[in-house]
Amino acid sequence: MANEKWHEINPGAIIDRPGSSKENKTGNWRTFRPVTDKKKCIKCAICWLFCPDNSRIMVENGYFDVNLTYCKGCGICAEECPTDAIEMVMEEW
Amino acid sequence: MPVKAIEVSFAISEAVKLADVDVVSAYPITPQTHIVERLSSIIANGELDAEFILVESEHTAMSACIGAAAVGARTFTSTSSQGLALMSEMLYIASGLRLPIVMAVANRALSAPINIWNDHSDIMAQRDCGWIQLFAENGQETFDMILQAYRIGEDKRVHLPVCVNLDGFILTHVTEPIGIPEESEVRKFLGKKFEPLLRLHPDNPITMGPVGHPDIYTEVKKAQEMALFGSKKVILEVWDEFEKIFGRKYSPIKKYLADDAEILFLMMGGIAETATIAIEELRNKGIKAGLLSLKLWRPFPFEELFSSVKNAKILIVIDRAISFGGPPGPLYSEVRSALYGKNGNLQIYGFIMGLGGRDVKVENFLEAYERTRRCSQEPGKAEIIGLRE
């Protein structure tokens, strides 16, 4: 949620510093959360490759998991995972 | 200042040249064509060091101006009628991005039926596009307003696009004696090149036109609204300075015999000059008539309107466009709304005339005055002067 008052915004809502999209925490748009079962994960990185938001991250020992700050819960990772290691679980916000 | 007999369209091109514009992008449409045709020659002849961006539509002409203004170029375009309608989407983006583009609109009727002649239906359809909107009533005013437009729009307190309206054919194609100042005087008035508050440049990346979510859009629109209202202070300053340098006075409402008038006519554009004759005829009959010619349509000059009508008994508002299915015309509708509760003794009447190039004559104004005694002003009964019925 933006906090700026109307007179505190740049003319034309221009964003005058690069990289500010990182501050847009899109994770709170999520309805379903991907839960990865390490036992099934074969470290193939297909989820990482397909994630449209760069929210699949490599964790310890080369396994893959999710960055919940930005994951919008689209479920593409779960759909593409060749070993069905990812399950989409309803978020309870 | 040397006075030259020149077609008003060509005088606009001269003003753009004197303003040392960097980018012109336009698509030809009657009756605007002469303006950009002459500019194309001026640039091709090397008289003006600028890019003329040829485009396939007015939508792209405005887009090109938006891109050019975003990197800090001084820009110009011009259009009419269907061209302005096609530009509509980009007009809102130009003002939303706060880019001081200058555009001359040679006012022309909208189709259908196709009609190339003058009225104000094109600009009235773009009333809410967030631009500063000026109305000229002769060639000299048009020329001056183009120069003023750059100074106003590029002021750091304003940063908004400016549209100069002139009546198609009635003004664009008429040859008038026009005072054209020396380049050095224009430099003095316009100052240095356009220096935007923020510009697109690879050395300092910025984002123009980001998404505005529900949590910020309201604040951005309020800021835009306040910028447009706030521009009036700058417009008045610029007009003061223009008068000091060039000797011609401008104000949001130009008055003619209005101070002691009981019957006031209010209108915009070239018909105001015709109306002065009608005012004189009414005065000769002992009727205290006067004229208000609105120069500043956006931001709307509320205070000047209030003070102009405070002694009047009847206000006759002349529209050059119809608001279909609503109050008779946009000017009438806004003036009446602005004056609600301000002067209880004032009766306000609205008339429409001069649609699609039909001549507006002195007797039309006299008829409007006569009809104030018997017209109804009820919804659905727009009073049109000169209608065969």
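Fifteen is the count to begin with: 15 residues of chain A are in contact with 18 residues of chain B, where contact requires C-beta atoms, placed from the backbone, to lie within 7 Å. By class, the side of chain A that touches chain B has nine nonpolar, three polar and three charged residues. In this scheme Ala, Val, Leu, Ile, Met, Phe, Trp, Tyr, Cys and Pro are nonpolar, Asp, Glu, Lys and Arg are charged, and the others, Gly among them, are polar.

Two remarks on the source. This is a predicted model, in which local features need pLDDT of at least 70 and side-chain atom pairs count only at pLDDT 80 or more, while totals for chains, interfaces and linings use all residues. Residues are numbered from 1 along each chain as its sequence is written, and chains are lettered from A and ligands numbered from 1 in the order in which they are written.

Let me now take the chains in turn. Chain A contains two helices and four strands, arranged from the N terminus as β-α-β-β-α-β. Helices (H or I, at least four residues) and strands (E, at least two) are DSSP runs, numbered from the N terminus. The radius of gyration of chain A is 17 Å, whereas a compact globule of 93 residues would have one near 12 Å. That radius is taken over C-alpha atoms, and the globule rule is 2.2 Å times the number of residues to the power 0.38. The C-alpha trace of chain A spans about 55 × 30 × 20 Å along its principal axes. Of the 93 residues in chain A, 18% are buried. A residue is called buried if 20 or more other C-beta atoms lie within 10 Å of its own, exposed if 12 or fewer do, and partly exposed in between, with C-beta atoms placed from the backbone.

Chain B has twelve helices and 14 strands. Why does a radius of gyration of 21 Å agree with a compact globule for chain B? With 389 residues, such a globule would have a radius of gyration near 21 Å, and this is the value for chain B. Its C-alpha atoms fill a box of roughly 65 × 55 × 45 Å along the principal axes. Buried residues make up 49% of the 389 residues in chain B. Among contacts in chain B with a separation of 6 or more, 79% are between residues 24 or more positions apart.

I turn to the interior. In soluble globular proteins, nonpolar side chains tend to be buried together. The largest nonpolar core here has 124 residues, of which Ile146(B) and Phe265(B) touch the most other members. Such a core is a set of buried Ala, Val, Leu, Ile, Met, Phe, Trp, Tyr and Cys residues joined through C-beta atoms within 7 Å. Helix 3 (residues 58–70) of chain B gives the largest share of this core, eight residues. Leaving aside residues up to four places away in sequence, Ile146(B) touches Ile12(B), Ala15(B), Val16(B), Ala19(B), Val102(B), Ala104(B) and Val164(B). Apart from that core lies another, of seven residues, including Cys47(A), Phe64(A), Cys77(A) and Ile86(A).

Which residues of helix 12 (residues 362–371) of chain B are buried? They are Asn364(B), Phe365(B), Ala368(B) and Tyr369(B). These residues lie on the same side of helix 12 of chain B because they cover an arc of only 140° around the axis, the arc being that of the directions from the helix axis to the C-beta atoms. The buried residues of helix 12 pack against strand 10 (263–267), helix 9 (271–284), strand 13 (314–319) and strand 14 (347–352) of chain B.

Helix 9 of chain B also holds Arg283(B), which touches Leu257(B) and Ala289(B), not counting residues up to four places away in sequence. Arg283(B) counts as partly exposed because it has 14 C-beta neighbours inside 10 Å.

Finally, the backbone. A cis peptide bond, with omega about -5°, joins Ser111(B) and Ala112(B); Ala112(B) sits in the loop between strand 5 (102–107) and helix 5 (121–124) of chain B. Another cis peptide bond joins Arg298(B) and Pro299(B), with omega about -5°. Asn61(A), a residue other than glycine, has a positive phi near 65° and lies in the loop between strand 2 (56–58) and strand 3 (64–66) of chain A. Is Asn61(A) buried or exposed? Asn61(A) counts as exposed, because 7 C-beta neighbours lie inside 10 Å.

How values were computed: Contact = placed C-beta atoms within 7 Å.
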